[in-house]
Amino acid sequence: MRHRKGKKRKGLVEKLLSPYWFQVFLFSITWSVFISLQLEKPELIPPLLAVLSVSLTLLRRGLGEFPFKDNPTYATLNGIFTLLIGIATFLKWRDPLCLGEYADAYYLIFVGSSVGILSKAFVRRGGIGNILLLSGITLLLASPNIFILVGFLLGNFVAADIYGHRRDTPSILKAALVGNGIFTAVATGYWIEVAPKGLWKLLYIYPLSVISVIFHIFGLQKLIDLLPFMYSDEKLEKLANLSNPLLEEMMIRAPGTYHHSVMVALLAETIARKLGADALLTRVGAMFHDIGKMVNPLYFIENANGKNYHEGLKPEVSASIIKSHVEEGIALARKYNLPEEIVSFIPEHQGTKLIGFFYHKALEENPNVDESKFRYGGPIPQSKETAIVMIADTVEAMVRALKNPTKEDIRKTVKKAIENLLEEEQLKDSHLSMEELKKIEELLTELLISYYHKRVKYPEKTPRERKV
Ligand SMILES: [Fe+2]
Ligand SMILES: [Fe+2]
């Protein structure tokens, strides 16, 4: 089980089997084969493989995880796209459709805008640039043609953007039509140059390429979804319902936390939708943000039924129990193979916030107390989605603690919660603008007033009226 913090050192075998090294190996072998075949010198494969592997290893020292991400989703997608480009290269060599000088169209037919659309289906927040870059380099080595490369990158970026927020069937069709249209248009520039007489071939190249992309989305995507660590939207949606054993266990062991998570999910999803962020990811992330609390549920106020289980404990001990819900949550999420995008909500919803109550208690006993023992380990929210959950989580807990709040109490609490987060510099990496924060404040106030504010009581019915 991997932990974000306190990671144990990996052995050599474990290291070589990691998603990062799998990608390094895959790309080294692909590039050495492609380059050797281009030069018609197969004997160059072993030395090229050695040079590329060493260079890519050194690259990691300088550039960190770029361009390979140490993440099974990226590794799987990069593997699949390399395979697709490999198949297209093989078809280009055998040319079963007799395309002749139009043989580069096999990339359009077999890969098209699938890379962008499939990446968007599995990699939700940013980062698809890495996959497109690697696929682009592979394509360039397989077929050194700048038109094909530019068409591929442009078509795929646009297709991914169209597929971005609305993932229904019409938007898949639109993404495939437009993405492949752009790829075809740019490649046509090259074909006009080399073989203008064969342009009629586009009449079947373009429709074939669109059909192929649609087949990839409806067929290949379902196959990829079968892998336990890969999550398309459909599978992600199913994650957040009660049939999920992890949530079922949370409801039994930590019912208060379960209820809190449902509330945070409702609030956060509404905000995400209004801001144009990924609402589905936000809802599912919010459902799992506190799963670590089910390890020691009674130490969290929402499950304690009015009792104080921290009585008699040193403030340092209490803070470490509270802090541990993040590490326990990450461990549980990884045990249940939740996607990394969901795992990131667990540390990021707490960021590096101070556990103020126990810190001030400790200060009373010892003015030189180490503040870091009372701070969460971070990182602070890196996306709008995790920041929205952090805000909704903080506000929901604060408002719930109020007794019979008035509208004004709720308004003030929401404002104060957001101000505190800004003061503690928790939102500076979240990409949320001040206008968006203002919008979040208004929305949260409105939603919480409608939920918590006492409604006007209806007059009691008399027993006779009840019988009617
Ligand atoms: Fe939490
Ligand atoms: Fe929470």
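Tyr359 is placed in helix H18, which spans residues 356-365, helices (H or I, at least four residues) and strands (E, at least two) being DSSP runs numbered from the N terminus. The structure is a predicted model, in which local features need pLDDT of at least 70 and side-chain atom pairs count only at pLDDT 80 or more, whereas totals for chains, interfaces and linings use all residues. Residues are numbered from 1 along each chain as its sequence is written, and chains are lettered from A and ligands numbered from 1 in the order in which they are written.

Tyr359 is partly exposed, because 18 other C-beta atoms lie within 10 Å; a residue is buried if 20 or more other C-beta atoms lie within 10 Å of its own, exposed if 12 or fewer, and partly exposed in between, with C-beta atoms placed from the backbone. When residues up to four places away in sequence are not counted, Tyr359 touches Leu354, Glu371 and Phe374, contact being defined by C-beta atoms, placed from the backbone, that lie within 7 Å.

The axes of H18 and of helix H15 (residues 315-335) come within 9 Å and cross at roughly 165 degrees, where axes are lines fitted to C-alpha atoms, for helices over the stretch in contact, and angles run from 0 to 180 degrees between N-to-C directions. The crossing angle makes H15 roughly antiparallel to H18, a description applied to angles over 145 degrees. Pro315, Glu316, Ser318 and Ala319 of H15 meet Phe358, Lys361 and Ala362 of H18. By class, this contact of H15 with H18 comprises four nonpolar, one polar and two charged residues, with Ala, Val, Leu, Ile, Met, Phe, Trp, Tyr, Cys and Pro counted as nonpolar, Asp, Glu, Lys and Arg as charged, and the others, Gly among them, as polar.

Helix H14 (residues 279-288) is largely enclosed by the rest of the structure, because eight of its 10 residues are buried; among them are Leu281, Arg283 and Phe288.

At the level of the whole chain, there are 22 helices and zero strands, and 39% of the 468 residues count as buried. The chain is divided into domain 1 (71-225) and domain 2 (233-452), with bounds that come from an automatic or database domain assignment. The C-alpha centres of domain 1 and domain 2 lie 41 Å apart, and the contact takes eight residues from domain 1 and 10 residues from domain 2.

Note on methods:
Two residues are in contact if their C-beta atoms, placed from the backbone, lie within 7 Å. Angles under 35 degrees count as roughly parallel, over 145 as roughly antiparallel, 65 to 115 as roughly perpendicular and the rest as oblique.
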